[in-house]
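Dear colleague,

I am passing on the structure that I said I would send. Please have a look through it first, and then read the notes below.

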Amino acid sequence: MATTALVDPDTGLTQAQLAARHGLRVAGERPSVVEYSRQLWAYRHFIAAYANAKLVASYSNAKLGQLWQVLTPLTNAAVYYLIFGVVLAQNDMPNYIAYLTTGLFIFNFTQSAVLTGTQAISSNLGLIRALHFPRASLPLSTTLTQFQQLLASMVVLIGIVLVTGEPLTWEWLLLVPTLLLQAVFNAGVVLTVARLGSKSTDLKQVMPFILRTWMYGSGVLYSVSLFERLPSWATTLVQYNPILVYIELARYTLMEEAPLLNESLTQLWLVGGGWALLAGLGGFLYFWRGEQEYGRG
């Protein structure tokens with residue numbers, strides 16, 4: 001009887017074809033944007049828990065514990081008021097204390113988020129290499145930690161604004177969307193610097209200088225009317241500075257006579273919303289594109 005030779009169906013196939021035939025995928029393969037977003041949503045409880053753990057741990061060795069969430073911004077405000085309000089005589093501005101603390105607290109939210117976000121990947125390599133999860137969870141948890149600290153700072157800020165004579169109005173409710181827009185903007189920036197920081201460890205050394213320059217260009221410590229002395233193109237550029245926009249939205253909301261560089265409230269909301277959308281979406285896509293890189297090498 002004649003025998004029929006068995007032919008291996010995998011004969012002649014390339015490795016890529018074999019993998020496709022048997023449903024194999026590259027380890028750590030970057031998912032689609034939609035799938036990646038779904039995974040992040042599935043890990044939302046982890047992001048919140050990790051953010052809370054980092055917040056508690058940051059004050060675990062201090063005797064006053066989480067009371068420093070209030071004492072730190074309050075102390076910073078006192079120091080800057082001593083320098084700019086007393087020594088440099090900026091107190092001719094209407095309610096300079098409220099003006100200064102509003103700018104300082106709003107800027108500090110972005111500054112703290114960016115500084116810690118720069119090391120969100122590089123300081124968690126052990127966790128990244130040991131467990132599989134969407135890496136964006138780490139910079140997002142960093143942003144959430146800073147947002148929680150901001151809420152404590154807002155309690156201090158509101159107290160300062162009231163004590164210094166500003167009336168409580170319905171416009172104060174606009175502080176909520178202002179902080180939410182800034183939080184989305186911060187998340188996008190943190191995602192961006194987290195990827196950059198994973199590639200270059202020197203970024204954390206450079207970032208404080210960048211942020212210090214950003215602060216001086218955001219009218220945090222002095223009247224924004226000084227920017228009007230710049231050439232028209234430079235004044236326009238400063239007007240679209242995202243941190244200045246969020247600071248002016250907060251000052252417009254909390255104060256009656258705060259000097260503003262942007263007189264149009266509509267323009268402030270449009271620019272603030274535009275920056276949140278641009279930074280949030282752009283930062284997310286930029287970080288997602290590097291998903292396979294994190295923890296390698």
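Axes, as the word is used here, are lines fitted to C-alpha atoms, for helices over the stretch in contact, and angles run from 0 to 180 degrees between N-to-C directions. This is a predicted model, in which local features need pLDDT of at least 70 and side-chain atom pairs count only at pLDDT 80 or more, while totals for chains, interfaces and linings use all residues. Residues are numbered from 1 along each chain as its sequence is written, and side-chain values use heavy atoms, with hydrogens and water left out.

On confidence, the mean pLDDT (the predictor's confidence in each residue, from 0 to 100) is 83 for the protein, and 82% of its residues reach 70 or more. Where pLDDT is low, the predicted coordinates should not be read in detail.

The secondary structure comes to twelve helices and zero strands, where helices (H or I, at least four residues) and strands (E, at least two) are DSSP runs, numbered from the N terminus. Of the 297 residues, 43% count as buried, that is, under 20% relative accessible area with a 1.4 Å probe and protein chains only.

Leaving aside neighbours within four places in sequence, Ile106 is in contact (heavy atoms within 4.5 Å) with Met154, Leu179, Gln182, Tyr246, Ile247 and Ala250.

How do the helices pack? The axes of H5 and H8 come within 8 Å and cross at roughly 25°, which makes H5 roughly parallel to H8, a term for angles under 35 degrees, whereas those over 145 count as roughly antiparallel. Residues of H5 that include Ile106, Phe109 and Ala113 meet residues of H8 that include Leu179, Ala183 and Val190. The axes of H5 and H9 come within 11 Å and cross at roughly 165°, and these two helices are therefore roughly antiparallel to each other. That contact involves, among others, Phe107 and Val114 of H5 and Met207 and Trp214 of H9.

How values were computed: Parallel < 35°, antiparallel > 145°, perpendicular 65-115°, else oblique. Buried < 20%, exposed > 50% of the residue type's maximum accessible area, 1.4 Å probe, protein only.
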